[in-house]
Amino acid sequence: MKFQGSSQYVATADLMLAVNAAVTLQRPLLVKGEPGTGKTMLAEEVAAALKMPLLQWHIKSTTKAQQGLYEYDAVSRLRDSQLSDAESAAKVRDIRNYIVQGVLWQAFTAEQPVALLIDEIDKADIEFPNDLLREIDRMEFYVYETRELVRARHRPIVFITSNNEKELPDAFLRRCFFHYIRFPDADTMRSIVDVHFPGLKKALLGAALKTFYDVRNLPGLKKKPSTSELLDWLKLLVAEDIPPEALHSSDDKVAVPPLVGALLKNEQDVTLFEKLVFMQKHNR
């Protein structure tokens with residue numbers, strides 16, 4: 001069971017090697033990289049390529065590790081206990097009726113091996129990764145309300161993504177195989193674009209990529225445009241039938257591109273870019 005890329009996802013050789021190493025070691029694959037570099041999509045494509053169901057757990061700042069295991073719905077049990085009919089009384093007596101299975105429980109008890117995505121783990125509280133150490137390592141957890149031990153039938157392929165908003169604990173990192181997705185170079189980016197826009201005119205693609213990397217390499221940007229934003233921008237350029245010559249000035253210097261709002265997402269970066277263009281025009 002090896003991942004060899006897919007027609008919908010351009011995976012570099014080192015990324016494919018990392019996925020297969022994590023599978024061999026039976027360790028979670030911790031994937032870091034800039035937002036928009038395809039970390040989440042990687043899990044989706046690996047699951048599709050290996051013909052495995054994908055369970056996704058998208059982490060928020062309020063997410064607790066316990067929610068991935070199970071939650072006990074005490075409020076519903078209390079409400080049902082106040083009803084007088086026999087059906088509600090029978091339901092209340094069995095506490096299992098009020099145990100809500102989390103994503104990890106579903107992954108552990110699935111009939112077949114699954115892929116599990118824990119997306120943007122760095123959004124949660126700093127203790128969140130530590131609270132999952134035993135479960136991720138031993139593939140089991142204890143349900144105190146029902147006094148049962150839930151063990152994984154099959155070890156899932158676990159993908160964990162991080163945008164580096166918080167440092168992760170050393171004990172957690174030790175249990176993972178790590179890979180950093182570097183920002184694609186121009187050749188890799190051409191391959192990525194070709195997947196999404198097959199047959200795109202070479203002149204437009206060349207001009208768009210030059211402008212994109214000019215914008216991205218501008219010193220002092222608060223938020224550099226990502227791969228996903230480039231794809232959005234190209235979609236707009238094609239939809240609006242923007243000619244390649246509109247993307248750069250006649251002397252091939254940096255110009256404010258049309259629909260720049262797809263690339264730059266805050267006023268400071270737009271102002272910085274406009275100042276650069278203004279300075280270049282007046283230094284001819």
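**Aromatic contacts in a predicted model**

Modeller: Start with a charge over a ring. The charged end of Arg216 sits over the ring of Phe183, 3.4 Å from the ring centre. Keep in mind that this model is predicted.

Colleague: How many aromatic pairs does a search of the whole structure find?

Modeller: The search finds 9 aromatic pairs. Take Phe108 and Phe141: their centres are 6.0 Å apart, with 40 degrees between the planes.

Colleague: Which class of pair do Phe108 and Phe141 form?

Modeller: Planes under 30 degrees apart count as stacked and over 60 as edge-to-face; the rest are tilted. Phe108 and Phe141, at 40 degrees, are therefore tilted.

Colleague: Which parts does the pair of Phe108 and Phe141 tie together?

Modeller: Phe108 lies in helix H6, residues 103-108. Phe141 lies in strand E6, residues 140-143. The pair therefore joins parts 33 residues apart in sequence.

Colleague: Is Phe108 buried or exposed?

Modeller: Buried means under 20% relative accessible area. Phe108 has 1%, so Phe108 counts as buried. Phe141 is also buried, at 1%.

Colleague: Why is the pair of Phe183 and Phe212 classed as it is?

Modeller: Their ring centres are 6.1 Å apart and the planes meet at 25 degrees, so this pair is stacked. Phe183 sits in the loop between strand E9 (177-181) and helix H10 (186-196). Phe212 is in helix H11, residues 202-216. The two are 29 residues apart, and both are buried.

Colleague: Which residues do ring pairs link into a cluster?

Modeller: Tyr70, Trp105, Phe108 and Phe141. The tilted pair of Phe108 and Phe141 belongs to that cluster.

Technical notes: Residues numbered from 1 in each chain as written. Predicted model: local features only at pLDDT ≥ 70, side-chain atom pairs only at ≥ 80, totals over all residues. Heavy atoms only, no water. Phe/Tyr/Trp six-rings, centres within 6.5 Å; stacked < 30°, edge-to-face > 60°. Helix = DSSP H or I, 4+ residues; strand = E, 2+ residues; numbered from the N terminus. Buried < 20%, exposed > 50% of the residue type's maximum accessible area, 1.4 Å probe, protein only. Lys NZ or Arg CZ within 6 Å of the ring centre and 35° of its normal.
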